[in-house]
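Please look through the sequence and the model below with these notes beside you.

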Amino acid sequence: MTDSQENGAGEIVRLEAINKRFGDTEALKSLTMTIREGEFVTFLGPSGCGKSTTLRILGGFETPTSGRVIVNGEDVTRLPPNRRKVNMVFQDYALFPHMTVRRNISFGLELKGLSKRDIAQRCNELMEFLELSVLADRLPDQLSGGQRQRVALARALAPDPALLLLDEPLGALDAKLRGQVQAELKSIQRRTSKTFFFVTHDQDEALTMSDRIVVMNHGVVEQDGTPEELYFHPTSRFVAEFVGETNLIEGRVDAVSGSDVTLDWKGLKLAGRPPVSGGLQPGKQVAASIRLEGMKLSLDKPEDQPNAVAVRIAGRTFKGSRTELDLRAENAPDFAMRAYVDTSLANGLGEAPVWASWSQEAMAVLRD
Amino acid sequence: MTRHTRLVMSMIYWAFVLYIFVPLILMITMGFKDSKFIGFPIRSWTLDWYVEVFKDSEVLSAFGYSMLIGVSSTLISLVVGIWIAVLLNGRGFIGKGLIYGLTLLPALIPGIISAISFRIYAQLWGIPPGTGAIIWCHAVHNVPFVMLIVAARLSTLPKSHLDAAQDLGADPIIAFLRVTLPYLRPALIGGGIFCMLISFDDFVRSFFLGGYQPTLPVLIFAKLRSGMSPEINAIATVVLVLTGLLGIWAERTTRRMKQGKLQS
């Protein structure tokens, strides 16, 4: 069954106005989005934000209360998981404990009714690709965490799905291994040019691997963009605080024109960038986000920066080559700001007041 | 714990072991006595009673009959027991507790009462006493044990395993056959052997529901009535050794399977 609406270029999945209720709670509220072929999309959010529900709806393990799921132009909203061209890497990997690595990987191929030869060939290809060949006859409990994760990935890739779902698959790995596996996963995605739909609550993981991040909160999309956009140009307070660390200042919009906003903050005029969504009126109370590393410190007032505040250093946290400084503004002593600067620079700053400054580009005015 | 209390406790333990094993050892010993009368003193030893047992066609056919009933009733109770365990493992539904209770009931009812009620019930429906009736009664009695053992194992099966099977193209039936059932294997072996032993050991139900052909315990009972003879000791010893070995094997296998290579 092909859809009447035409497919966008390379579009592989479309979610149309998905609503999902569990009793009284609304897990998803009118979620609409598309995923293009070959994209690494990450759904990022705290637990209970609706990211896992979205994943389970795509996999066919949940049916939306209303709305449609289109995969490859076909409406699959009511199809059970075994009839979808979508495969999943589970959080606990869910490897079948009584089957060897090879049997686990070939499970989906056997059910597709492929010939023995084709199954063996595809299996060997994947095992070679993911460096599992020497482990072919091992049982899952004879594997390390990273190896299990690769088997789970091979098993999900084997039936050649249109979309691969990954449900926080790195959560069970220790921190050291995790970084390595992140890089590996990204490289596998590039080499297979498969569409990956990744779900995580870990913003680091999302920033490292994704082509595109969708930040979810309370069942709605907060922001949808590239990692850079999300990090440097968050549009909402939630995104600014959830992705990376930031300084939030509250002020009143003084003037808006095109891509310039002037903010009145405790008597100081600050220049920033408006959110992409627009919607700022002079007089409105808003928040603005300045990343820790966007804040420059100097002994003298910098002439070339539009935003400069006299501050005192209230605390230092040594973090190796860089140091995190705890700052108090002179015009608002109760207000804490943080800056992340080179340790050598931080050491050169004494107890006397210094200047914190940032560019217009570094200050993102938020929509709420 | 002081050395003294430890000594006392281990002595009590060994006294208990002695209390259990002395009768068994006596019984085994008498089977080798070269005399028709059971009792001390033993003047000479013989293996004749064992030869007798293996030549006694009555004993051999009763043994075979007991095996037939054991295997058939075990297979039935495995199927029904798995069925109920899977049903109860699902989401809560109305009557779940009732089904659970009713399933356990046969294990709690005294053997004599269930045997009599089965006899009356069978008569009501015109089911003749004999093989079918015994198998049926044993199967009903064994279902709760299978259900409990399988349910315990089933509760440890991660739900994601079934999701994964379905995700890879298996419909619920294939997922059950290829993922759930292999996972349950240790429970099925353990539960099955447990059922076999209970059925093999049963006297009351077989006695009440039996026809002309006796099971082994019923035959032993009949032989006892015509007088105690060392042949009975020999039969009992053979049964003891066989069931003992089977029990130990089952225990070892299931334990190894559970902690060993089948553990996820």
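1. In which sense do strand β16 (residues 307-319) of chain A and strand β17 (residues 322-329) of chain A pair, and over how many bridges? The two strands pair in the antiparallel sense, over eight bridges, where pairing requires that DSSP finds at least two bridges between the strands. Within this pairing, A:I313 has A:L327 in β17(A) as its bridge partner. Two residues lie between the strands of this hairpin, and A:G320 in the turn has a positive phi of about 85°.

2. Before going further, please note that this is a predicted model, in which local features need pLDDT of at least 70 and side-chain atom pairs count only at pLDDT 80 or more, while totals for chains, interfaces and linings use all residues. Residues are numbered from 1 along each chain as its sequence is written, and chains are lettered from A and ligands numbered from 1 in the order in which they are written. The model scores ipTM 0.82 and pTM 0.80. For chain B the average pLDDT (the predictor's confidence in each residue, from 0 to 100) is 88, and 97% of the residues score at least 70.

3. The strand β17(A) also pairs with strand β18 (residues 336-342) of chain A, in the antiparallel sense and over seven bridges. Here A:D326 stands opposite A:R338 in β18(A), and the hairpin formed by β17(A) and β18(A) has six residues between its strands.

4. Elsewhere in chain A, four strands form an open sheet with antiparallel pairing, in the order β2-β1-β4-β5. Because β2 (25-36) and β5 (74-75) of chain A stand at the edges with a single partner strand each, one side of each is left without a neighbour in the sheet. Further in, strand β1 (residues 11-22) of chain A pairs with strand β4 (residues 66-71) of chain A over five bridges, again in the antiparallel sense, and A:E16 has A:R68 as its bridge partner in β4(A).

5. Is A:G244 buried or partly exposed? A:G244 is partly exposed, because 19 other C-beta atoms lie within 10 Å; a residue is buried with 20 or more other C-beta atoms within 10 Å of its own, exposed with 12 or fewer, and partly exposed in between, with C-beta atoms placed from the backbone. Leaving aside its neighbours within four places in sequence, A:G244 is in contact (C-beta atoms, placed from the backbone, within 7 Å) with A:Q203, A:Y231 and A:R291. The C-alpha atoms of A:G244 and A:L207, which are 37 residues apart along the chain, are separated by 9.2 Å.

6. Chain B has eleven helices and zero strands, and its C-alpha atoms fill a box of roughly 75 × 65 × 30 Å, taken along the principal axes. Of its 264 residues, 31% are buried. Among the contacts in chain B with a separation of 6 or more, 79% are between residues 24 or more positions apart.

7. An unreviewed UniProt entry lists "transmembrane region" for several spans of chain B, including residues 12-32 and 62-86; such annotations may be inferred rather than shown by experiment. In the model, residues 12-32 of chain B are 90% helix and 0% strand, with end C-alpha atoms 31 Å apart, whereas residues 62-86 of chain B are 100% helix and 0% strand, with end C-alpha atoms 36 Å apart.

8. Where the chains meet, 20 residues of chain A are in contact with 19 residues of chain B. The largest share of the side of chain A that touches chain B, three residues, comes from α2(A), and the residues of this side divide into twelve nonpolar, five polar and three charged. Here Ala, Val, Leu, Ile, Met, Phe, Trp, Tyr, Cys and Pro count as nonpolar, Asp, Glu, Lys and Arg as charged, and the others, Gly among them, as polar.

9. Helix α7 (residues 159-167) of chain B has several buried residues, among them B:H161, B:D163 and B:A164. What covers the buried residues of α7(B) includes α1 (51-59) and β6 of chain A, together with α8 (172-201) of chain B. After α7(B) comes B:G169, whose phi is positive, near 110°.

Terms used:
Contact = placed C-beta atoms within 7 Å.
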